[in-house]
Amino acid sequence: MATNAVDPGMGIRIRAGERQWIGRGLSRCSPAVFAAWMAPWLALLGAGVYATYLCLSQGLGVTNLDNRFGFGLWIFLDLAVIALGAGAFFSGFLLYIMKWKEIKAIISSAVVLGFLCYSGAVAVLAVDVGQPLRSWFTFWHPNVHSMLTEVTFCITCYLVVLTVEYTPIILKNRRLKQVPSCLVFEWELHKLIPVLAGIGCFLSFFHQGSLGGLFGVMRGRPFAFREGFAIWPSTFFLFVLSAAAVGPSFVILTTKLVEWITSKRLVKAAVYHTLARTTGVLLTAYVALKSVDTLVWLNSTSASAGFAPWEYYSWKPFGGWILFAEIVVFGMIPALLLLSKRLRTRSGIVTAGALLACTGVVLNRFVMTIQTLALPTLSFDPFLTYMPNWVECAVFGMVIAYAVIVYSLSYRYLNLFPQEKEIAADIVEVADVPVR
Amino acid sequence: MFPFVDGFHWSFGHILFLSVFGGVLALIGITLMVSLRRSARAALSGQSEAIRWKSDFHDLAANELSCRHELAGRVEHRHCHNEFDCRKCETHPKLANAAATSEFDVSTYGLSYPSDRLYHRGQTWVKREDDGTLTVGLTDLGQRLMGRPDSVELPAAGELLHANGQGWTMMRNGARVRLLSPVDGEVLEAGGPDQDFYLRIKPAGAQANLTHLLRGAEVSGWVRSQLERLQILTTPEGAKPSLADGGVLMEDLPKAQPDADWDKVYGEMFLEP
């Protein structure tokens with residue numbers, strides 16, 4: 001008969017059987033609290049599964065998408081989560097290629113986040129494209145002139161890489177580690193992770209870029225069309241840079257969120273400083289290049305297409321504020337906040353900077369998908385409007401719920417933050433010492 | 001896409017596309033195959049225990065990795081990168097004869113660490129016997145950590161043990177403790193908590209190489225760090241630092257402090273994170 005053991009960290013009871021699955025020395029909430037946390041997410045997942053069934057059985061007619069507005073909430077979600085999930089490849093790059101040892105503290109969490117972002121994106125694409133049983137067509141009969149083909153191949157390959165990278169994290173579970181074959185395979189696979197990290201960087205560079213290039217090459221959409229270098233429009237490089245810039249910020253945000261929910265510190269302040277500084281530097285470069293790109297577009301590209309730039313912003317919902325917000329509020333401000341060594345030492349500033357940076361990239365992806373399609377392309381075209389219906393929102397919610405559920409299970413049973421035990425044990429380290 | 005699919009052209013774009021993605025997929029596949037092959041080879045050649053120790057050592061916190069020469073005060077700060085196996089350390093012979101400065105007296109805490117024994121960081125000791133065999137036992141601190149164990153599983157005579165591999169296991173209050181073998185050798189006889197030793201071992205090779213075990217001033221420095229660690233581990237989470245008022249360590253610590261997370265304490269103190 002299973003006995004109950006008191007978890008001294010939180011004064012709560014966890015069955016001895018379950019305790020064997022939870023890392024040694026890690027305090028976790030009781031099964032009842034965990035079940036209560038998971039219940040609403042499971043309900044949301046259920047609603048999303050029903051909406052998915054409707055889409056797959058009846059087609060996209062059950063959504064508000066149509067022939068004129070084919071890219072809606074789902075494609076926006078895809079672009080946003082793929083940018084935010086860049087923390088996985090960029091953390092891998094910093095740890096395994098650049099040898100930044102402090103990144104070790106968050107690499108597992110970054111890999112899980114990357115896996116969830118990419119698998120969620122692929123799931124939504126499967127619903128959007130439809131006929132998932134025929135998804136192999138895209139590999140067998142690809143349109144080699146489309147950037148989406150390159151994106152499809154890269155994302156599929158990278159999801160395989162992330163799955164392989166996730167495997168040793170799972171095999172490191174306390175109970176699984178007792179199985180010698182699991183332990184040995186985890187160890188041998190872990191030794192080769194730098195190879196996979198290198199492949200991940202290569203794939204991410206191209207698919208993040210191609211997602212941006214996809215919009216930049218659309219001559220029929222002068223709002224999105226950009227000049228560029230060789231076959232790549234400027235949006236190719238801006239997407240790569242913006243994803244690399246906010247990847248570390250998304251890792252900061254999620255870690256801070258988990259710390260807030262669990263009332264525990266999981267990584268040392270130095271790790272946040274490193275991630276914040278990285279975002280600060282890359283975001284500064286991104287904002288500078290984005291500003292130059294916007295000026296070129298305003299003064300040259302758009303004009304040569306026969307459109308006065310201000311016409312794009314004459315419709316109130318997408319007025320000039322959105323450009324100002326994207327570059328200044330969610331670009332320059334977080335870049336300055338995270339670049340400043342003095343400001344970076346304040347936890348609240350780091351969180352605010354990371355939140356602003358992530359919001360900026362999400363807004364950028366919104367502009368590239370929704371705003372691009374809403375604007376008229378011919379002089380007699382009206383502004384289009386689009387509002388997702390409940391089916392689209394439910395599928396969107398399903399992906400969020402899926403990510404929360406898998407991440408919660410990973411946090412509970414896997415050691416996502418190796419510094420967690422050390423911080424809990426080191427009382428002086430966790431003391432709230434003001435930094436001058 | 002492929003040469004045998006309708007619509008394929010032998011163009012530069014097609015060939016580049018196929019080459020790049022074929023190369024990426026091949027690299028992922030080769031990586032997996034190499035891992036599987038190495039795993040199978042390691043499992044078949046009985047390296048699981050050695051890999052387990054490497055994995056556990058890799059997971060130890062930075063403050064648990066102090067070099068023996070730091071513990072003895074021969075160097076100010078140095079981390080071990082050799083899995084606590086000084087037999088393969090190039091720096092160890094250069095530092096071994098330097099003067100030690102650690103003056104901590106373990107008897108202050110009522111602990112006994114006789115100088116005729118050598119110590120392993122997994123809370124075990126080794127003693128050379130006159131007949132050339134080695135006896136292995138649990139250190140004084142290790143005994144106090146375990147108190148009266150609920151059960152003990154010892155290896156049978158004839159079993160081969162490897163340094164830093166599993167020596168024997170003990171259970172206390174539902175927590176399983178895996179004691180690491182301090183030496184390589186063959187088990188001749190099993191003792192237990194009621195005897196002076198846990199294992200009698202015939203060392204591997206003509207003469208036992210015990211270079212990696214702690215001795216002299218290293219022991220006192222190590223015990224001191226262990227006591228500090230124990231104090232932190234048994235302090236409830238969120239408690240503020242306090243000054244100890246002296247005293248001698250209890251004989252049966254789990255019984256004396258049942259509310260502590262002993263599973264966690266055992267993991268840290270017996271090097272099984």
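**Basis.** I worked from a predicted model, in which local features need pLDDT of at least 70 and side-chain atom pairs count only at pLDDT 80 or more, while totals for chains, interfaces and linings use all residues. Residues are numbered from 1 along each chain as its sequence is written, and chains are lettered from A and ligands numbered from 1 in the order in which they are written.

**Helix α9(A).** I took helices (H or I, at least four residues) and strands (E, at least two) as DSSP runs, numbered from the N terminus. Helix α9 of chain A covers residues 193–216. Its 24 residues reach 34 Å from first C-alpha to last, close to the expected 34 Å (1.5 Å times one less than the number of residues). I noted a bend of about 25° at Ser210(A) (the angle between axes fitted to the seven residues ending there and the seven starting there).

**Strands of chain B.** I looked next at β9(B), residues 199–203, with strands pairing if DSSP finds at least two bridges between them. β3(B), residues 134–138, pairs with β9(B) in the antiparallel sense over three bridges, and Val136(B) stands opposite Leu199(B). β8(B), residues 185–190, runs antiparallel to β9(B) and is joined to it by five bridges; there I found Val187(B) partnered with Ile201(B).
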